[in-house]
Amino acid sequence: MRRFLLTISAVLLCFLSQARSYDSYKGLVMAGYQGWFNAPQDGAGRGWYHYTGRRGFTPGSCTIDLWPDVSEYEHTYKTDFSFEDGEPAYLFSPYDYSTVDTHFRWMNEYGLDGVFMQRFVAEISNSSGLNHFNKVLEHAMTAANKYERAICVMYDLSGMGPGGVDILLEDIKNVAATHKLFKHEANPSYLYHNGKPLVTVWGIGFNDRRRYGLEEGARIIRGLKEMGFSVMIGVPTNWRELRSDTVSDPYLHTIIRECDILMPWFVGRYNENSYERFRGSINKDMAWAEENNIDYAPLCFPGFSWENMRYPHTGSTIPRNGGSFFKKQLDYVLEAGAQMVYIAMFDEIDEGTAIFKLAKKLPKASPGSTFIPLDDEVEGDHYLKLAGQAATRLKSLIRR
C-alpha cells in the first residue's frame with residue numbers, strides 16, 4: 001500500500017511539474033469573477049443570494065438584468081420565473097463545483113486566460129459569507145489547474161468597515177496556506193507577477209463616502225508586500241488627475257507607486273460614442289505608469305445595466321451594440337500597446353457586464369424584472385469569442 005501511495009504521489013508531482021505555470025500577467029487577457037450567487041438547496045444555506053430584489057426573487061423583484069444560458073450546467077435551480085410557453089426558468093450557483101467547472105471549461109475552450117476571484121471584505125467578515133467564498137475559491141483553484149487557466153485573488157473593499165484591514169490580512173494568510181500560493185509548483189495556475197504571487201486590492205481612492213480611506217489602503221498594500229506578495233491596485237477612473245470619482249489627496253499616487261500593477265475602473269464611464277473622447281485618458285494613464293515603473297492593465301467591458309437593481313428604471317443602460325462596443329475597446333487597448341487586459345466581468349449579470357454564455361430565450365418580463373436580450377445578430381457565446389480573440393491577438397503582438 002505504501003509503495004502504491006508513493007507511486008501516485010510521484011505521478012501527481014510529475015503532472016504538476018508539466019502543468020502550465022503562470023509567471024506573469026503580461027500577455028494575458030483575464031476577467032473578474034464575482035462568484036457571489038446562491039440558490040436554495042445548493043448547500044450554502046443562503047437561499048437566493050445576489051439574485052434577490054426588494055420583494056425577494058420573484059417576477060417583479062430581482063437584481064439581475066441578464067439571464068444566463070444554463071443549458072450546459074450539470075445542476076440548476078428552479079425559479080419562480082417562467083417563459084412564454086409556461087416552462088419554468090432555472091439558474092445556477094457557484095457553490096456547486098460543477099458550475100465553476102463549467103465556467104473554467106468555457107475559459108479554456110474560448111481562450112480566455114483566466115480570472116480574478118473576488119473576495120468581498122464585507123462578506124468574508126461574517127461566517128456565512130466566508131464559508132461561501134472559501135467554497136467557491138476552492139472550486140476555482142481546482143478547476144483552474146484542471147483547465148490550465150490563470151487564477152488570482154482579488155479583494156474588493158466596497159462596504160469594508162472598521163477592522164477590515166486586519167480581516168483581509170488574516171484572510172490572505174489563510175488562503176495562501178490553504179492553496180499553497182507561495183509554492184508555485186504545487187499550484188501552477190496561481191498567477192505570479194514580478195516573481196511573487198499576485199494579490200489584487202480593488203477600491204482604493206474612491207470619493208464616494210466609504211468607511212475607509214487612503215491610510216487603510218496603504219496598510220493593506222504594505223501588509224501584503226511584507227508577506228511577500230506582488231500587488232495590483234484597483235483605483236477610480238480619474239486617479240491620475242485626482243478629480244471627479246477620485247479623492248483629491250496626492251497621497252493616492254504614493255500608494256500606487258508602491259504597487260506592481262495599476263488597474264483603473266472604467267465600467268459605466270462611457271458608451272460606444274463617447275469612448276472616442278475617452279481613449280486619450282488611457283494613453284496618458286499608460287504613460288504615467290511607464291514613467292513610474294508600474295505595469296498597467298486597462299479595463300474593457302461589454303455593456304452595462306442595473307435597471308432591475310435600481311428599479312424604477314434609471315435609464316443607465318450602456319448598450320452592447322452586437323459586440324461592437326466591446327470589440328472597439330479591446331482593439332484600441334491592444335493597438336495602444338497594452339501588455340495585459342482586465343475584462344469586467346465574467347459572470348456579472350447584476351450590472352449587465354457578463355461575458356459568459358447568455359440566454360437568447362428570456363423569462364417573461366414584468367415591471368422590476370425586465371431582462372436585456374442579446375442582439376439578434378449574436379449568439380450567447382459571442383462575448384467569450386471576442387475575449388478569446390483578444391487574448392490570441394495580444395500574444396501575437398507581444399511575440400513580435
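Before listing any packing partners, I note that contact means heavy atoms within 4.5 Å. I also keep in mind that this is a predicted model.

**Entry: helix H5, length.** At 1.5 Å a residue its 16 residues should span 22 Å, and the end C-alpha atoms are 22 Å apart, so the two agree.

**Entry: H5, buried side.** Next I asked which residues of H5 are buried. I found Gly-164, Val-165, Leu-168, Leu-169, Asp-171, Ile-172, Val-175, Ala-176 and His-179. They cover an arc of only 160 degrees around the axis, which means they lie on the same side of H5. A reminder to myself: an α-helix has 3.6 residues a turn, so residues three or four places apart point the same way.

**Entry: H5, neighbours.** I then looked up what the buried residues of H5 pack against. The helices are H3 (121-124), H4 (127-147) and H6 (214-227). The strands are S4 (114-120), S5 (150-156) and S7 (196-202).

**Entry: H5, other face and end.** Turned away from the buried side, I found the exposed residues Ala-177 and Thr-178. After H5 comes Lys-180, with a positive phi near 55 degrees.

**Entry: cavities.** How many cavities of 30 Å³ or more does the whole structure hold? My search found one. The largest cavity has a volume of about 30 Å³. Its lining is Thr-237, Asn-238, Arg-240, Glu-241, Ser-281 and Asp-285. By class, I noted three polar and three charged residues in that lining, and no nonpolar ones.

How values were computed: Residues are numbered from 1 along each chain as its sequence is written. This is a predicted model: local features need pLDDT of at least 70, side-chain atom pairs count only at pLDDT 80 or more; totals for chains, interfaces and linings use all residues. Side-chain values use heavy atoms; hydrogens and water are left out. On a 1 Å grid over the protein atoms alone, a cavity is a set of points where a 1.4 Å probe fits but cannot get out, and a pocket is an open set with protein on both sides within 12 Å along at least five of seven lines; lining residues have an atom within 4 Å of a point. Grid points are joined across faces, edges and corners, and a volume is the space filled by probe spheres set on the points. Ala, Val, Leu, Ile, Met, Phe, Trp, Tyr, Cys and Pro count as nonpolar, Asp, Glu, Lys and Arg as charged, and the others, Gly among them, as polar. Helices (H or I, at least four residues) and strands (E, at least two) are DSSP runs, numbered from the N terminus. The expected span of a helix is 1.5 Å times one less than its number of residues. Buried means under 20% relative accessible area, exposed over 50%, partly exposed in between (1.4 Å probe, protein chains only). The arc is that of the directions from the helix axis to the C-beta atoms.
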